Amino acid sequence: MRVLLFTGKGGVGKTSVAAATAVRAAGLGRRTLVMSTDPAHSLADSFGVALGREPTIVAPNLEAEQIDAQQRLEDNWRDIRNYLVSLLSWGGVDTVEAEELSVIPGLEEIFSLIDVKRHVDSGKHDLLVVDCAPTAETLRLLSLPDALGWYLERIFPVERKVAKVVRPMLNRVTTMPLPQDQLFGAIDSLYRNLEGVRDILRDVSRTSVRLVVNAEKMVIAEARRTYTYLNLFGYHVDAVVVNRLLPDAVTDPWFDRWKALQAEHLATVEQGFAGVPMMRAPLFDEEIVGLDALDRLAQAVYGEDAVDEVLRHIEPPRFERTSDGYLLVLALPFVDRGDVDVFRTADELHVKVGPHHRSILLPAALARCEVVSAGIHGGDLRVRFASPDQGQERGA
Ligand SMILES: Nc1ncnc2c1ncn2[C@@H]1O[C@H](COP(=O)(O)OP(=O)(O)OP(=O)(O)O)[C@@H](O)[C@H]1O
Ligand SMILES: [Mg+2]
């Protein structure tokens with residue numbers, strides 16, 4: 001099953017483009033399910049129909065669902081939360097505070113993503129389209145399987161088998177609540193689910209993220225940060241959709257400046273996402289509500305092209321940890337080092353090959369490092385960054 005995630009800054013048109021993609025795919029005969037993990041759920045508004053927590057048929061081949069995040073949280077976290085609350089209360093934390101502390105921010109959304117796995121496992125559809133929450137939340141949510149694994153490993157360091165032996169002894173000497181078997185069961189299944197979700201989301205042949213932007217400075221800046229971090233975490237972005245461009249039909253001189261600005265920002269998108277296909281959609285003269293309007297939006301974005309292929313074939317930049325810092329690897333086939341100019345500004349790395357200019361926004365960890373070398377090896381540009389802390393340790 002193919003999985004497409006749509007994300008971007010608030011209000012750029014994520015839900016509309018996700019729904020339009022689903023409408024088009026269904027029209028092409030793909031058994032499609034579109035679901036929203038955004039608690040603000042506007043998928044129903046987009047289709048102009050009521051939607052529930054189970055898939056509802058909205059057109060031939062097309063089902064839509066809005067996940068009840070609270071319910072998913074209850075299903076997955078109840079046993080673990082109860083234990084945490086008892087542990088915190090035992091440690092002297094007030095019960096209400098313990099209840100609050102036992103909920104990790106972003107947890108609801110991650111449990112919504114477990115539904116991705118459920119749907120992939122069910123095999124009922126050819127395509128799953130996911131309308132994600134605005135960028136910041138999505139990012140946090142996508143890295144959460146790792147973060148949560150880390151958290152769980154540290155809170156529950158006692159292996160189940162060890163616990164079986166140790167619990168009766170400890171129970172005699174301490175009143176501290178110890179995890180029961182049921183709890184290990186809950187943690188086990190949570191782990192398995194989270195790992196499953198992460199494997200699906202990082203599988204390049206199966207899952208792509210599509211970034212939706214408007215031709216506005218701040219929106220693009222945020223999308224570039226998202227792009228960098230998605231690459232860092234191993235997620236694959238295969239398209240950028242620039243939505244709400246002023247159409248040629250708008251000739252009122254009042255909009256001349258806006259049009260010039262949008263053209264300028266389009267160039268920034270081309271440079272900042274080089275190698276990623278860019279699709280465009282105009283600002284329509286009405287809201288995008290209902291199947292016909294969604295199909296018009298799909299036509300603008302995809303034309304006659306397939307919507308569910310992996311659209312990008314160029315490798316994204318890769319970040320690797322080295323003994324003394326980081327290595328940034330960028331596919332640059334068919335060029336020699338002499339043809340490439342590499343320079344660095346505060347938080348960006350610029351790569352020029354002939355007339356082409358590409359800029360990569362560096363994640364915070366790399367922005368703090370020095371560039372120590374750059375070279376071409378086997379069709380890759382490899383740029384080494386050394387961490388100043390490491391340098392101090394070496395010098396010490
Ligand atoms: N190309 C377009 N032309 C005209 N209206 C549009 C276009 N794209 C989106 N809209 C409208 O803009 C509004 C916001 O779009 P949408 O809900 O898809 O954005 P979103 O990014 O999902 O927002 P949120 O961050 O709140 O989830 C909706 O009313 C939608 O109909
Ligand atoms: Mg939305």
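In the predicted model, ligand 1 is surrounded by 17 residues, each having a heavy atom within 4 Å of the molecule; G11, K14, T15, S16 and R244 are the closest. This shell comprises 6 nonpolar, 6 polar and 5 charged residues, with Gly counted as polar. Two or more shell residues come from each of α1 (14-27) and β7 (237-245), helices (H or I, at least four residues) and strands (E, at least two) being DSSP runs. The largest contribution, 3 residues, is that of α1.

A polar backbone atom of G13 lies 2.9 Å from an oxygen atom of ligand 1. Nitrogen atoms of the ligand are placed 2.8 Å from a polar side-chain atom of N243 and 2.9 Å from a polar backbone atom of F284.

Residues are numbered from 1 along each chain as its sequence is written, and chains are lettered from A and ligands numbered from 1 in the order of writing. Local features require pLDDT of at least 70 and side-chain atom pairs pLDDT 80 or more, whereas totals for chains, interfaces and linings use all residues; side-chain values use heavy atoms, without hydrogens and water.

The model also contains 1 cavity of 30 Å³ or more, a cavity being a set of points on a 1 Å grid over the protein atoms alone where a 1.4 Å probe fits but cannot get out. The largest cavity has a volume of about 70 Å³. Its lining, defined by an atom within 4 Å of a point, includes R224, Y227, G272 and R358.

Terms used
A polar contact is a pair of N or O atoms within 3.5 Å; within protein, one must be able to donate a hydrogen and the other to accept it, and residues adjacent in sequence count only if both atoms are side-chain atoms. On a 1 Å grid over the protein atoms alone, a cavity is a set of points where a 1.4 Å probe fits but cannot get out, and a pocket is an open set with protein on both sides within 12 Å along at least five of seven lines; lining residues have an atom within 4 Å of a point. Grid points are joined across faces, edges and corners, and a volume is the space filled by probe spheres set on the points.
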